[in-house]
Amino acid sequence: TGLSIQKHDFKIPENNKNHHTEEISTERLIVRRGQPFTITVSFSAPIHNYLQQMKRTFLIVQTGSHPSEAGEVLAEFPISSLGDQKQWSAAVEEQDPNFWTLRVNTPANAPIGQYTLLLRASKSPKRLGNFTLLFNPWCRDDEVFLANEAQRQEYILNQDGIIYQGTENAILPQPWDFSQFEEDMIDICFILLAQWEKFQREKDPVQLKNPVHVCRAVAAMLNCNKFRSLTEHEPEQHYNGTPPSKWLGSSPILRQWIATKFQPIRYRQCWVFAAVLCSVLRCLGIPTRVVTGFTWTHNTKSGLSVDEYYDEDGTLLTQDKTARVWTFHVWNECWMARPDLLPEYSGWQALDATCQEKSEGLSFCGPAPVHAIKEGDTQVDYDVCYFFAAINAKCHVWIHKADDTLKPAFGGTKYTGNNISTKGVGTERCEDITQNYKYPEGSLWEKKVLDKAYRNMKELETTSSSTAQFISIPTALEEPVNLFIHLQSNNSLQLGQDITLSIEVFNHSGREKDTHLVVGIQALHYNGVPIAQLWKEEFHFNLQSNSVNNLHVSVPYTWFGKELGENHLLRLTAVLRDEDSFYMYLAQEEISIRDSPLTIEFPENVVQYKPSIAKISLQNPLMEPLEQCVIAVAGRGLIYRQRNYRLGSVQAKSTQELQIPFTPTRAGPRRLTACLTCLQLQNLKSYKTINIAAA
């Protein structure tokens with residue numbers, strides 16, 4: 001009888017801690033490529049009795065149940081005294097008569113995935129067990145290597161996210177639980193990749209070596225109904241599904257996708273796409289962050305000039321339910337080398353999983369090097385031209401008159417990409433990263449980049465029949481300087497607060513002007529599409545030559561508060577008509593409701609595994625009761641899954657308190673999130689982080 005294996009130990013707690021995967025599991029081996037891990041093997045008899053046999057001892061790693069099939073990985077390598085750290089290899093670190101400690105090396109470019117490890121000391125190999133291999137931003141030879149440890153902690157290991165919404169002048173932080181290390185999330189991520197391979201009808205392990213391919217595969221699975229996607233586009237209607245604003249984290253969405261056997265999940269918008277994509281990529285080991293751009297031009301077909309049409313009351317006309325300029329848009333950035341491109345294009349890559357109207361190929365965009373976007377290198381893969389146009393296009397506004405004629409709206413030109421922000425590293429503060437994407441507005445560098453991008457686009461247009469038609473660099477309309485209109489209001493409102501509008505109309509001409517002014521307020525979806533006209537008032541006045549007319553208008557909250565929509569956005573417009581020349585002038589502002597009526601309080605000292613109570617207060621600031629109030633509460637490591645508390649009605653100008661019993665299961669910083677929904681209000685969230693003392 002030959003030498004046999006009595007037992008083995010994958011040293012899971014120790015290995016997972018060294019590989020920064022202990023948050024994922026302490027019961028299964030999860031390691032990162034390019035970094036060795038340690039196992040021990042005990043034999044049935046002293047090893048020195050079988051020296052010849054031990055010289056022929058090999059380790060085998062394989063994927064799939066039939067590794068000989070195409071599309072699977074199979075590697076067999078001897079156990080030596082050294083071991084090549086750049087390849088699949090194994091070396092003996094310690095030994096005694098019956099016992100080996102082995103160091104197993106994995107290549108820094110090995111395909112990620114689920115592996116089986118076998119040891120062959122005789123004719124038939126013995127299966128030792130399974131392990132999972134991930135990308136490794138701690139390894140210099142991995143394409144996702146990120147040198148800064150604080151950034152690795154943020155963009156790989158942090159599960160508490162903040163996604164920015166609102167407007168460029170009143171940015172609203174919204175909590176999101178990425179939960180990338182929750183139980184079963186890693187399996188769901190690999191199921192997602194397997195489904196992509198299934199729909200591609202090919203399985204090529206080489207593709208799973210490449211973070212660019214993995215990013216594109218995950219983005220495709222999230223947004224393409226053609227591939228039985230994870231989520232489904234339904235911009236305005238949320239019946240028979242969950243409104244996007246009600247989701248508090250990624251794991252319930254992905255678990256629902258698994259539970260329904262890969263049926264599309266209703267519903268999601270850009271921030272849900274970006275949040276789920278961030279969770280999956282962080283779980284797989286690719287440094288990823290969520291980015292918000294305010295005044296984003298959507299579906300430009302890569303043009304640098306777009307048009308919007310308003311009626312004479314200042315309401316955006318969107319018969320096709322699309323708007324050119326979104327109030328905000330959310331996408332991702334992933335950190336990686338780009339060996340397929342020039343070295344300067346390595347680093348942050350923009351990736352947008354939201355459906356785009358593209359002329360060919362899949363309907364997501366990226367990964368596009370952020371450096372290429374800034375420099376106007378629109379020919380670079382993937383989809384740099386779409387990102388460049390989205391943050392550099394200028395939008396010209398037209399007034400669609402009652403007689404079906406179009407008039408340019410002077411003063412209404414919109415400039416896009418004015419603010420691009422993400423969560424700061426190791427903090428809950430907002431970081432402005434606009435300078436990563438574009439040069440300062442009006443600078444010489446900006447002009448050079450626009451000129452270069454336009455030349456690149458024209459070249460693409462002439463060499464590719466399938467490329468979208470690129471529109472020339474926008475030039476300003478010839479604006480008459482006779483009249484000028486300025487609209488000003490609060491950048492943000494508190495719940496229940498009235499809107500105070502200030503409108504100034506300047507007459508710079510040398511004669512009296514007869515004018516007609518329409519001031520209005522519309523509730524908005526995040527994509528710029530109006531929900532409803534909430535208020536409108538008309539004024540008719542004569543302006544003396546070289547004079548200014550000041551109007552101050554107060555609009556009570558009760559006139560607009562009932563139809564705010566789930567993003568709590570309002571568009572204020574002022575349309576001025578010169579009755580002599582029939583020229584039209586437009587001014588507009590977008591504002592948001594910022595504050596939440598919810599506050600969260602914790603006891604002073606909270607210890608792991610010890611029961612405790614948090615207090616949530618709901619303060620109704622309105623002059624009417626809040627009816628059918630439901631507060632959803634979630635807190636990974638504090639409470640199990642999401643809880644819903646029904647409060648009924650909360651009387652006007654009163655406060656109701658809610659006791660939340662919890663027993664923290666994990667130490668360190670932990671966040672509790674509360675979300676209020678009632679008949680009058682939607683999507684009002686609050687969150688608070690507490691440091692849990694270890695037991």
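**Briefing: rings and cores in a predicted chain**

Of the 695 residues in the protein chain, 57% count as buried, meaning under 20% relative accessible area with a 1.4 Å probe, protein chains only. This is a predicted model, so to speak of local features pLDDT has to be at least 70, side-chain atom pairs count only at pLDDT 80 or more, and totals for chains, interfaces and linings use all residues. Residues are numbered from 1 along each chain as its sequence is written, and side-chain values use heavy atoms, with hydrogens and water left out.

**Overall build**
- The protein chain has 11 helices and 38 strands, taken as DSSP runs (helices: H or I, at least four residues; strands: E, at least two) and numbered from the N terminus.
- Take the contacts (heavy atoms within 4.5 Å) between residues at least 6 apart in sequence: 67% of them join residues at least 24 apart.

**Aromatic pairs**
- There are 21 aromatic pairs, counted when ring centres of Phe, Tyr and Trp (its six-membered ring) lie within 6.5 Å; planes under 30 degrees apart are stacked, over 60 edge-to-face, and the rest tilted.
- Tryptophan 296 and tryptophan 331 make a tilted pair, because their ring centres are 4.6 Å apart and their planes sit at 35°.
- Tryptophan 296 is in strand β14 (residues 288-297) and tryptophan 331 in strand β16 (residues 325-336), so this pair ties together parts 35 residues apart in sequence.
- Both ends are tucked away: tryptophan 296 is buried at 4% relative accessible area, and tryptophan 331 is buried at 1%.
- Tryptophan 326 and tyrosine 526 have ring centres 5.3 Å apart and planes at 80°, so they count as edge-to-face.
- Phe37, Phe77, Trp88, Tyr115 and Phe131 are joined into a cluster by ring pairs.

**Charges over rings**
- Arginine 289 puts its charged end over the ring of tryptophan 348, 4.1 Å from the centre; the rule asks for NZ of Lys or CZ of Arg within 6 Å of the ring centre and within 35 degrees of the ring normal.
- Lysine 448 lies over the face of tryptophan 445, 5.0 Å from the ring centre.

**Nonpolar cores**
- The largest nonpolar core has 66 residues, and Leu193, Val214, Val218, Leu281, Leu284 and Ile286 have the most contacts inside it; a core is a set of buried Ala, Val, Leu, Ile, Met, Phe, Trp, Tyr and Cys residues joined through side-chain atoms within 4.5 Å.
- Helix α7 (residues 270-284) gives the most to this core, with 13 residues.
- Another core, apart from that one, has 62 residues, including Ile521, Leu570, Ala587 and Ile690.

Technical notes:
Buried < 20%, exposed > 50% of the residue type's maximum accessible area, 1.4 Å probe, protein only.
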